[in-house]
Amino acid sequence: MTTLNVILSRTPTHLPEKRLVGPGEGGEVVRDPKALAALIRRRYREGASLAVVARELGVSKSTVQRHVPVRERRDAAAAARQRHRNRAQTPYEQALRAQVVRLYGSGMPQQRVAATLGISVEAVVARLEPSQRRSKQEAARLAVERQGEILPQEEIVARYVQGATMAELGRLYGVHPTTIRRRIPDDLIRPRSRTAQPRPRTRRVLVEEEVLRWYAAGESAYALAREFGVSAHTIRARIPAADWRGRPAEEASVPPPRPVQPRKGGVRMVLVLSDEEILARYRAGQSATAIGRAAGVDCRTILRRIPEHERRSHLQAQRLNRPAPDVDADTIRALRARGLTWEAIAAETGLSAKTLRARA
């Protein structure tokens with residue numbers, strides 16, 4: 001009698017049944033929690049994951065995790081490595097690895113192996129040992145040999161001699177132009193032109209009757225110039241002035257030349273107002289701008305006639321030139337307290353409603 005049968009014979013009948021589906025157990029019913037815990041720890045130490053052990057024993061993942069000691073649990077990196085090792089032992093993975101090694105060893109590149117087996121290039125590289133991978137020099141040699149078998153060199157040289165370019169041959173055979181260049185002898189290589197060869201352009205003969213007919217049908221002079229390969233002025237010369245839809249050149253309005261004013265270099269300008277009259281007006285409260293407007297000169301010319309100590313500052317000029325200076329904030333508030341509207345106060349004081357609100 002085996003140890004498992006002894007344990008099963010001593011198990012109480014009131015415990016819940018747990019069916020074991022693990023390898024080597026034959027589907028026996030486990031009633032002892034200690035036996036279940038021992039089986040969980042054994043399968044986990046063998047490399048099975050928590051999910052696999054739970055699926056084999058028919059229990060939950062939390063139950064398996066509870067019976068595995070904390071010090072024996074694998075971290076995320078160790079669990080990933082263990083899953084990779086377990087996956088590598090499956091029959092499918094072994095067969096796939098054998099196929100990858102066989103195809104890659106026959107000289108097939110990694111991209112073609114991946115396309116043949118329906119996997120990614122990274123999956124092909126992961127299933128090859130470092131000693132099985134080819135070096136860059138060997139891969140380049142195999143690529144050249146493979147392209148030599150696919151590309152007919154004599155046909156490529158014949159097409160190139162007939163006038164085909166390397167870019168056109170590369171598109172024809174599905175390779176890079178440099179690959180085509182390696183298959184053409186150096187003595188047959190044509191020199192590259194720095195400027196593109198001009199393509200022959202067929203121009204129509206300029207017939208005045210045809211120009212007049214197309215212009216009368218609604219075509220513009222620029223469209224006809226592009227069609228016949230001439231300038232728009234040439235088309236304009238073929239069209240009579242009576243049929244021309246644009247403005248005649250002789251009737252174009254030319255702005256008259258501006259009269260040249262003589263320079264006054266150093267000569268003192270004679271003003272309509274004398275310096276004494278300008279100073280009297282300025283002292284009376286007129287601004288330099290108003291005096292200059294009356295004299296027909298700029299305000300800076302007026303300021304040069306006024307002594308420096310009598311010129312008003314910006315604030316003084318603002319208070320002096322302010323309309324209705326006696327209408328201050330107190331006056332406006334008093335009128336508003338009487339019940340007058342802004343429009344009524346504006347009509348009474350001669351100011352705008354906006355000015356009244358700003359002063360209030």
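Tutor: Start towards the end of the chain, where helix 20 passes helix 21 in a right-handed crossing. Keep in mind that this is a predicted model.

Student: At what angle do helix 20 and helix 21 cross?

Tutor: Roughly 130 degrees, and their axes come within 10 Å. Helix 20 covers residues 329-337 and helix 21 covers residues 342-349. The two helices are therefore oblique to each other.

Student: Which residues make the contact?

Tutor: On helix 20 they are Ile332, Leu335 and Arg336. Helix 21 contributes Trp342, Ile345 and Glu348.

Student: How many of those are nonpolar, polar or charged?

Tutor: In the contact of helix 20 with helix 21, 4 residues are nonpolar and 2 are charged, with no polar ones.

Student: Let me zoom out. How many helices and strands does the chain have?

Tutor: There are 22 helices and 2 strands. The chain has 360 residues, and buried residues make up 25% of them.

Student: And what share of the contacts is between residues 24 or more positions apart?

Tutor: Counting contacts in the chain with a separation of 6 or more, 47% are between residues 24 or more positions apart.

Student: Back to helix pairs. How do helix 6 and helix 7 pack?

Tutor: Helix 6, residues 91-105, packs against helix 7, residues 110-117, at an angle of about 140 degrees, and the axes are 10 Å apart. That angle makes helix 6 oblique to helix 7. The cut-off for roughly antiparallel is over 145 degrees, so an angle of about 140 degrees still counts as oblique.

Student: Is that crossing left-handed or right-handed?

Tutor: Helix 6 passes helix 7 in a right-handed crossing. From helix 6, the contact uses Leu96, Gln99, Val100, Leu103 and Tyr104. From helix 7, the contact uses Gln110, Val113, Thr116 and Leu117.

Student: How do the residues of that contact divide?

Tutor: The contact of helix 6 with helix 7 has 6 nonpolar residues, 3 polar ones and no charged ones.

Student: New topic. How many aromatic pairs does the structure hold?

Tutor: It holds 1 aromatic pair. The rings belong to Tyr215 and Trp244; their centres are 5.6 Å apart and their planes are at 5 degrees, so the pair is stacked.

Student: Where do Tyr215 and Trp244 sit in the chain?

Tutor: Tyr215 is in helix 13, residues 208-216, and Trp244 is in the loop between helix 15 (232-238) and helix 16 (275-284). The two residues are 29 residues apart, and the pair links distant parts of the chain.

Student: Is Tyr215 buried or exposed?

Tutor: Tyr215 is buried, with a relative accessible area of 5%. Leu212 is also found in helix 13, but at 33% relative accessibility Leu212 counts as partly exposed.

Student: What does Leu212 touch?

Tutor: Not counting residues up to four places away in sequence, Leu212 touches Arg238, Ile239 and Pro240. The C-alpha atoms of Leu212 and Asp243 are separated by 8.9 Å, and the two residues are 31 residues apart along the chain.

Student: What is Tyr44 in contact with?

Tutor: Leaving aside its neighbours within four places in sequence, Tyr44 is in contact with Leu50, Val53, Val68, Glu72, Arg73 and Arg74. Tyr44 and Arg73 are 29 residues apart in sequence and 8.7 Å apart in space, C-alpha to C-alpha.

Terms used: Residues numbered from 1 in each chain as written. Predicted model: local features only at pLDDT ≥ 70, side-chain atom pairs only at ≥ 80, totals over all residues. Heavy atoms only, no water. Axes fitted to C-alpha atoms, helices over the stretch in contact; angles between N-to-C directions. Helix = DSSP H or I, 4+ residues; strand = E, 2+ residues; numbered from the N terminus. Parallel < 35°, antiparallel > 145°, perpendicular 65-115°, else oblique. Left-handed = near helix turned anticlockwise from the far one by under 90°. Contact = heavy atoms within 4.5 Å. Nonpolar A, V, L, I, M, F, W, Y, C, P; charged D, E, K, R; others polar. Phe/Tyr/Trp six-rings, centres within 6.5 Å; stacked < 30°, edge-to-face > 60°. Buried < 20%, exposed > 50% of the residue type's maximum accessible area, 1.4 Å probe, protein only.
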